[in-house]
Amino acid sequence: MTIERVIVTGGAGFIGTAVVRQLLDRRVAVLSLDALTYAASPEAVDGDAIPAGYRLEAGDVRDSADVARVLTDFQPDGVIHLAAESHVDRSIDGPRAFLETNVTGTFVVLETVTSWWRELGGPSRERFRLVHVSTDEVFGSLEPDDPPFTAETPYRPRSPYSASKAAADHFARAWHETYGLPVIVTNCSNNFGPWQFPEKFIPVVISRALAWEPIPIYGAGDQVRDWLHVEDHASGLLAALERGAPGSTYLFGARNEWSNRALAELICDLLDGMVPDKRGARRKLLENVTDRPGHDSRYAIDPSLAERELGWEPRHTFTDALRDTIRWYVDHRSWAEDRLAKLGGYRRRGLGESA
């Protein structure tokens with residue numbers, strides 16, 4: 001299917017900017033609709049100059065007027081819906097923002113897109129797709145011997161964040177079943193790569209290790225996550241948009257499971273090789289702290305369906321990609337420091353004290 005014009009909601013976020021870059025590389029015109037919250041990094045796309053075929057529009061997915069305006073003006077062939085609050089710790093302390101953006105925002109997008117889509121002519125209407133982007137966290141927590149998540153895995157969200165995304169997923173599927181909107185749902189494992197806001201696990205470890213500050217490890221650090229490079233996730237979302245079947249669900253993961261402690265140790269070792277410090281090995285900075293309430297013990301994804309039906313597969317080798325990511329944060333240290341400074345520095349969240 002030929003795609004020429006795409007709206008990306010949340011297109012100034014970590015995953016959104018990767019999607020936008022890949023679309024532009026394919027000479028697809030892109031309109032990014034983004035509320036430009038604390039985690040937005042529009043510079044990850046435009047740098048010193050606005051790329052040809054790219055527009056960034058400040059707007060809120062909770063506002064139907066914003067969504068209707070860009071749909072009418074841009075007339076997209078597809079929408080990739082990424083706009084969301086995404087940090088689990090923040091959802092524990094302030095769940096309302098997650099309900100409003102992730103659930104209400106998705107409802108507004110679905111309702112507004114459906115009204116616009118119904119007015120399209122035959123070929124445009126047949127070509128249109130909406131890709132709703134979700135997370136593996138909606139499936140809950142796996143035991144060590146459990147098989148990985150698939151599209152048939154029951155939902156068991158255990159945090160306000162995952163509950164909000166699960167609700168949004170259900171709305172997206174309901175809009176396909178009830179109204180015929182050509183929706184495709186995707187779920188992914190933990191993403192990593194350059195430009196990720198420095199409150200997520202890998203950037204936190206890198207940033208604090210560079211600053212020679214204690215690196216928090218929740219509980220025993222034995223929680224397991226399946227890590228996927230953000231560019232591989234972005235290529236999967238484009239494959240879903242171009243080749244996915246409406247009503248289907250595709251899971252993206254790299255079969256790459258690491259415990260939090262083992263991954264933090266690897267990051268410290270790689271940093272020691274890149275930026276040696278006379279104070280010694282950075283592993284000594286790892287510090288066990290009170291665990292997150294309801295912390296899921298393991299996530300893992302089986303991406304077989306996406307590999308088989310979409311012809312997608314991850315391209316990045318984990319250790320090499322992690323090394324490149326660490327190097328990016330070393331070279332862009334001031335970017336991460338400035339981001340944290342605007343929020344008053346690093347602060348532990350997610351203890352459930354203010355919900």
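The exercises below concern a predicted model and treat helix packing, nonpolar cores and individual residues.

**Exercise 1. Helices α1 and α9**

Task: Determine how the axes of helix α1 and helix α9 are placed relative to each other, and which residues meet.

Solution. 
Step 1. Two packed helices are described by the angle between their axes and the distance between the axes.
Step 2. Helix α1 covers residues 14–25 and helix α9 covers residues 230–243; their axes come within 9 Å and cross at roughly 60°.
Step 3. Angles under 35 degrees count as roughly parallel, and those from 65 to 115 as roughly perpendicular. The helices α1 and α9 are therefore oblique to each other.
Step 4. The crossing of α1 and α9 is right-handed.
Step 5. On the side of α1, the residues in the contact are F14, I15, A18, V19, R21, Q22 and L23; on the side of α9, they are V230, E231, H233, A234, S235, L237 and L238.
Step 6. Sorted by class, this contact of α1 with α9 comprises nine nonpolar, three polar and two charged residues.

**Exercise 2. Helices α10 and α12**

Task: Describe the packing of α10 and α12 by angle and distance, then identify the residues of the contact.

Solution. 
Step 1. The axes of α10 and helix α12 (residues 318–331) are 10 Å apart, and the helices pack at an angle of about 60°.
Step 2. It follows that α10 and α12 are oblique to each other, and their crossing is right-handed.
Step 3. Helix α10 contributes L263, L266, I267, L270, L271 and M274 to the contact, while α12 contributes F318, L322, R323, I326, R327 and V330.
Step 4. By class, the contact of α10 with α12 has ten nonpolar residues, no polar residues and two charged residues.

**Exercise 3. Helices α8 and α10**

Task: Carry out the analysis for α8 and α10.

Solution. 
Step 1. The axes of α8 and α10 cross at roughly 40° and come within 10 Å.
Step 2. The helices α8 and α10 are therefore oblique to each other.
Step 3. The crossing of α8 and α10 is right-handed.
Step 4. From α8, the residues F201, I202, V205, I206, A209 and L210 meet N260, L263, A264, I267 and L271 from α10.
Step 5. The contact of α8 with α10 consists of ten nonpolar residues and one polar residue, with no charged residue.

**Exercise 4. The nonpolar cores**

Task: State how many residues the largest nonpolar core has, and which residues have the most contacts inside it.

Solution. 
Step 1. The largest nonpolar core has 64 residues.
Step 2. Those with the most contacts inside this core are V19, I80, F252, L322 and I326.
Step 3. Helix α10, residues 260–274, gives the most to this core, namely eight residues.
Step 4. Take L322 as an example: residues up to four places away in sequence being left out, L322 touches F192, I202, L263, L266, I267 and L270.
Step 5. A second, separate core has 25 residues, among them A29, A83, V109 and V113.

**Exercise 5. The surroundings of R348**

Task: Locate R348 in the chain, classify its accessibility and list its contacts.

Solution. 
Step 1. R348 lies in the segment after α13 (333–342).
Step 2. Because its relative accessibility is 21%, R348 counts as partly exposed.
Step 3. R348 and V289 are 59 residues apart along the chain, and their C-alpha atoms are separated by 9.8 Å.
Step 4. Neighbours within four places in sequence being set aside, R348 is in contact with D89, Y218, V289, T290, D291 and R292.

Technical notes
Residues numbered from 1 in each chain as written. Predicted model: local features only at pLDDT ≥ 70, side-chain atom pairs only at ≥ 80, totals over all residues. Heavy atoms only, no water. Axes fitted to C-alpha atoms, helices over the stretch in contact; angles between N-to-C directions. Helix = DSSP H or I, 4+ residues; strand = E, 2+ residues; numbered from the N terminus. Parallel < 35°, antiparallel > 145°, perpendicular 65-115°, else oblique. Left-handed = near helix turned anticlockwise from the far one by under 90°. Contact = heavy atoms within 4.5 Å. Nonpolar A, V, L, I, M, F, W, Y, C, P; charged D, E, K, R; others polar. Core = buried A, V, L, I, M, F, W, Y, C linked by side-chain atoms within 4.5 Å. Buried < 20%, exposed > 50% of the residue type's maximum accessible area, 1.4 Å probe, protein only.
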